[in-house]
Amino acid sequence: MWDYTDKVKDYFFNPKNAGVLAEANGVGEVGAISCGDALKLMLKIDTITTVITDARFQTFGCGSAIASSSALTELIVGKTIDEALKITNQDIADFLGGLPPEKMHCSVMGYEALQAAIANFRGETWSDDHEEGALICKCFGVDEGMVERAVRMNKLTTMDQVTAYTKAGGGCLTCFEPLEGVLARVNAEMVAEGMLSEHEAYRLGAADPVALKKKPSVSANATMIPLNPLPPTRPAAKTSPLDPAVGAAPAMTNLQRIRLIEQTIEDLRPSLKADGGDCELVDVDGNTVFVRLSGACVGCQMASVTVAGIQQRLSTRLGIPLRIVPVGKNGH
Amino acid sequence: MRPVYLDNNATTKVDPRVVEAMLPYFTEQFGNPSSIHEFGARVGGAVKTARRQLQMLLGAEHDHEIVYTSGGTESDNMAILSALEAMPGRDEIITSKVEHPAVLAVCEHLEKIGRAKVHVIGVDSLGRLDLQAYRDALSPRTALVSFMWANNETGTIFPIEGLAEMAKEAGALFHTDAVQAVGKVPITLKGSAIDMLSLSGHKLHAPKGVGALYVKRGTRFKPLMRGGHQERGRRAGTENTPGIIALGKAAVLALDYMADEQTRVKAMRDRLEKGILQRIPNCFVNGDPNDRLPNTCNVAFEYVEGEAILLHLTRAGIAASSGSACTSGSLEPSHVLRAMNIPFTAAHGSIRFSFSRDSVDDDVDRVLETLPDIMDKLRALSPFWAGADQAAKDFKPVYA
């Protein structure tokens, strides 16, 4: 069973503001029974001051869906609709003392219902209603607009996170490629807007749909080196212009090989530095590469993941399997 | 308040008599059965007795047809991989959509790496196998047929003996995952066409970490574990002697309690099922009403979500399980219920209660006292419930 906070349990077992609000003048309905959760949010809004004076909900869903709905009503009563619209799904999760990562979509459902209810009060049609842009995930009825909002609002950068926050891609995974496209596009826009640094952004091809299907859980947001295929880089020094760029490893001289290793590590350093760590090349002996990790990498529990990341990247770049050995301060 | 445990298809409590039987094999009787000296010989004798005890439970012809393993998952893996290797010129596997992942995931993997072509046979809305599809899939290329004896989620029983005969006619090996069936329904392997059968200790009041694969005498077999002569070379590795002794004792007790399982346990299950259907509107039983395990009750509650039900049951001290997506970390409801085409409105709210010989009448009363209030509470919260009148009229429960 999930590790729910006491507050989630309390709001599930004793939900506040559950039921029908007969005099509601703003109603938002999101989700569907086939998806496993759905929420109907009913608001009573003062037409002059636009203050939300009462809020009720009806929810079909798991423990965290019911708790998130109830928490939402507690958060918005007493606020004007402009204030309420500033509430994010993260605020709902925070109010509950956090939600398991796989359950974040419950808080997103609350956020979506609020947007829908206020749009309904204003006489608008909630543009989302799973009709904004193309429908991406058919299993859970998630459209492009919803994915985009969840990615922006929560700074999502991996496919696992997108599934945890929106459910998209949690079923048959036939939507993997379009979904990946949206994540990469929105991340690229966020980089351009300065919301995200470039090394954090998702790059196409970084996730493996087969691996995702086997393990629907969400990886911790640890400082890992993205194990993605390399972006086009400067061509490495070649022995002859006729040599193909990739798979040229056996033809490389030792010096060229070391240069390439050096350059690969150099390319990785900015992302390590962003997390307060660093890495330098110490020596190369045959197919063993000795590196020294420093800064935050030292003693970091994720150090072995970092080393594995460097190893994978070097092996890909050189086209041969390499072994990375981290060494201490005084060399090896 | 006394806790109510109705999740015996997940695991069972080890019988105290089983614990008593196995304990000496940790301490005084610590010898390695392969050793020639007295320490080993005594244990070797006990292992042989345990093998005979399990042979009795399965109605097997020979005791050496039993290969001890670490549990149901290992047995399933072993059977499938062995069959592919032992049947040259045949590279197809036939299995069903409702198998346990210990079978399905192995088959999917073999297909992915290009090692086998897998035919996955569907079921109807009661969970009964599509026999025509099975017949059509059998061919001279079939290496192995693997169908479960009884389904872990719904309890639906497949006509295994007949399915095995069909495989035999096609010259294929037949394996059955009988993890849920052993100890709950009578099994006689002697004279059957079943070549291999998997069972697990912890589903029949023995500890976790021990199980067995029955391999009919004369069946071509390739070991999964190599590196020792144990189990006649079919499963290398020093024997888990306390576990094996425990499984033997559990087999003896299972035979003793077989009648209890078919009568008292079944009666409790039936009373729970009828009680739920009488007290709670818009729910129905999943599985084949005519051919089901006596201990399993899987009920789909419309317009509520399974995890929410389980959280309330847990608070009331009742342990059950759910086919709901939300409890497992995946986002879709159970593959078994989806294969049966149970509508999403109900699949998300399916709860499994599974009894054992440890269950008592009071367990049934407690659930019947608790569940209607939980349903009222959750349905009052559900936006679908208010509009469900029409659905209720259209609705045809399995038990009319």
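Analyst: Let's start with burial: a residue is buried under 20% relative accessible area, exposed over 50%, and partly exposed in between, using a 1.4 Å probe on protein chains only. Before we use that, note that this is a predicted model, where local features need pLDDT of at least 70, side-chain atom pairs need pLDDT 80 or more, and totals for chains, interfaces and linings use all residues. Residues are numbered from 1 along each chain as its sequence is written, chains are lettered from A and ligands numbered from 1 in the order written, and side-chain values use heavy atoms, without hydrogens and water.

User: Okay, is N154(A) buried, partly exposed or exposed?

Analyst: N154(A) counts as buried, because its relative accessibility is 14%. You'll find N154(A) in helix α6 of chain A, residues 144-154. Helices here are DSSP runs of H or I with at least four residues, strands are runs of E with at least two, and both are numbered from the N terminus.

User: And what is N154(A) in contact with, beyond its sequence neighbours?

Analyst: Contact means heavy atoms within 4.5 Å. Leaving aside neighbours within four places in sequence, N154(A) touches N89(A), Q90(A) and Y165(A). With N89(A), the side chains also make a polar contact of 3.0 Å. That term covers N or O atom pairs within 3.5 Å; within protein, one must be able to donate a hydrogen and the other to accept it, and residues adjacent in sequence count only if both atoms are side-chain atoms.

User: Now strands. How many bridges join β1 of chain A to β2(A)?

Analyst: The general idea is that strands of a sheet pair through backbone hydrogen bonds, either parallel or antiparallel. We call two strands paired if DSSP finds at least two bridges between them. Here β1 (residues 26-32) and β2(A) run antiparallel and share seven bridges, with V27(A) partnering M42(A).

User: What do β2(A) and β3(A) form?

Analyst: A hairpin, with six residues between the strands; in the turn, T50(A) has a positive phi of about 60°. As for covering, β2(A) (residues 37-45) has seven of its nine residues buried.

User: Which strands stand at the edges of the four-stranded sheet in chain B?

Analyst: That open sheet runs β9-β10-β13-β12 with antiparallel pairing. The edges are β9 (283-285) and β12 (321-322), each with a single partner strand, so one side of each is left without a neighbour in the sheet. Further in, β10 (residues 296-301) and β13 (residues 350-354) of chain B pair over five bridges, and A300(B) sits opposite S350(B).

User: How do I read the interface between chain A and chain B?

Analyst: Buried area is the accessible area (1.4 Å probe) that two parts lose on being put together, summed over both. For these chains the buried area is about 2,500 Å², with 71% from carbon and sulfur atoms. The contact takes 35 residues from chain A and 27 from chain B.

User: Which side chains meet in a salt bridge there?

Analyst: K103(A) and E307(B), at 2.7 Å from N to O. The rule asks for a side-chain nitrogen of Lys or Arg within 4 Å of a carboxyl oxygen of Asp or Glu, and it finds one such bridge across the interface. There are also five residue pairs in polar contact, both at pLDDT 80 or more. On the chain A side, α1, β2, β3, α2 and α9 (209-214) each supply at least two residues, and β3(A) gives the most, with four. That side divides into 20 nonpolar, 11 polar and four charged residues, where Ala, Val, Leu, Ile, Met, Phe, Trp, Tyr, Cys and Pro are nonpolar, Asp, Glu, Lys and Arg charged, and the others, Gly among them, polar.

User: What do the buried residues of α1(A) pack against?

Analyst: α1 of chain A (residues 6-13) buries V8(A), Y11(A), F12(A) and F13(A). They pack against α2 (63-76) and α4 (89-95) of chain A, together with α8 (306-315) and α11 (361-381) of chain B.

User: How many residues of α8(B) are buried?

Analyst: Eight of the 10, so α8(B) is largely enclosed by the rest of the structure. Among them is E307(B). At the start of α8(B), a side-chain oxygen of E305(B) comes within 2.8 Å of the backbone nitrogen of E307(B).
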